[in-house]
Amino acid sequence: MLSYRHGYHAGNYADVLKHSLLLQTIRLLQKKDKPFVYIDTHAGAGGYSLTADFAQKTGEYLDGVAKLWQADDLPAPLADYIRAVRLFNGDSDQLAYYPGSPSIMDMELRPKDRMVLHELHTTDVDTLSQQFAGERKVKVLHADGLQGLIAAVPPLERRALVLIDPSYEIKSDYEEVAISVIEAYKRFATGVYMIWYPVVNREQTEAMFDILKASGIKRQLRIEQAIRPDSNEFGMTAAGLWVINPPWQLDTLAEETTRYLSRCLDQGGGATQVTWEVGE
Ligand SMILES: C[S@@+](CC[C@H](N)C(=O)[O-])C[C@H]1O[C@@H](n2cnc3c(N)ncnc32)[C@H](O)[C@@H]1O
């Protein structure tokens, strides 16, 4: 039984970091002409209404994307991200809709690129299938994303950006993510693997990274934003992206992005970091 629904969280501070850097990653990959595949292991519903009950109930987007919406001092990566969100709102000045990862990627994919989306929740997978009906470059699968990842690599294109964005509802999800990524990497070592992670319990999160760091995989970058100090009592205090094989210059763009976000979205005593956890 899946209880997590991304509609409650769409556009929150974690989405801002994740989606702005996802967008910059695709831009860096598209500097090369060769086609690639985008694999989303946990795709969600594709897009969200911020006026719907879900978003209104938590109001999380108000402490996230809404804080950047009217800002006139955004650094380039965040201005680019807000441009994408604005486009999803039909270029309106009103922030009413929020694009999930599949929609952000869909706006940017070239005709020669393709995407594979996995989603297990029946309502969300139906919404996704409707959104992308008739789009030949998009495959929507009602399937487990981690198993789907193993089946999808190595891709024909030999170039891929993989977003692994689980809801981490079950404690074992952390370990399962690490094991699956290592397995995928063994089959396809040149892919870009972007793992989104929450910090709810610091030891749990770091245990996942310990497995990855001990795996022998090189080039692992941590990009993290804490909005409050670590605490095992008060929900998610930080979120980040753990990127294997980040394209050249993603670290610099991440520094520029987190520097601004730490000022704009901090809720008291947070910190940001961009750290090479495993080098060349
Ligand atoms: C954090 S949300 C995804 C958000 C989306 N990637 C975005 O950035 O817009 C996680 C999603 O994973 C789905 N999910 C949970 N377990 C799954 C599994 N084993 N395989 C695929 N999807 C799963 C949930 O239903 C939920 O929609």
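Begin by selecting helix α1 (residues 13–29) together with helix α5 (residues 101–108) in this predicted model; the two pack at an angle of about 30°, and their axes lie 10 Å apart. Because angles under 35 degrees count as roughly parallel, α1 and α5 are therefore described as roughly parallel to each other. Looking along the pair, you will find that α1 passes α5 in a right-handed crossing. To display the contact itself, show the side chains of H19, L22, L23 and I26 on α1, and those of S101, I104, M105 and E108 on α5. Coloured by class, this contact of α1 with α5 comprises five nonpolar residues, two polar ones and one charged.

Next, select the open sheet, whose eight strands run in the order β5-β4-β1-β6-β7-β9-β8-β10 with mixed pairing. At its edges are β5 (138–141) and β10 (271–278), each of which pairs on one side only, and from one strand to the next the twist averages 15°. Within the sheet, pick out β7 (residues 192–199) and β9 (residues 238–244), which pair in the antiparallel sense over seven bridges; V199 has A238 of β9 as its bridge partner.

Finally, select the ligand and the 20 residues around it, of which H42, G44, G100, S101 and H121 come nearest. By class, the shell around the ligand divides into five nonpolar, nine polar and six charged residues.

Key: Residues are numbered from 1 along each chain as its sequence is written. This is a predicted model: local features need pLDDT of at least 70, side-chain atom pairs count only at pLDDT 80 or more; totals for chains, interfaces and linings use all residues. A residue is near a molecule or strand if its C-beta atom, placed from the backbone, lies within 6 Å of it. Ala, Val, Leu, Ile, Met, Phe, Trp, Tyr, Cys and Pro count as nonpolar, Asp, Glu, Lys and Arg as charged, and the others, Gly among them, as polar. Axes are lines fitted to C-alpha atoms, for helices over the stretch in contact, and angles run from 0 to 180 degrees between N-to-C directions. Helices (H or I, at least four residues) and strands (E, at least two) are DSSP runs, numbered from the N terminus. Angles under 35 degrees count as roughly parallel, over 145 as roughly antiparallel, 65 to 115 as roughly perpendicular and the rest as oblique. A crossing is left-handed if the near helix is turned anticlockwise from the far one by less than a right angle, and right-handed if clockwise. Two residues are in contact if their C-beta atoms, placed from the backbone, lie within 7 Å. Two strands pair if DSSP finds at least two bridges between them.
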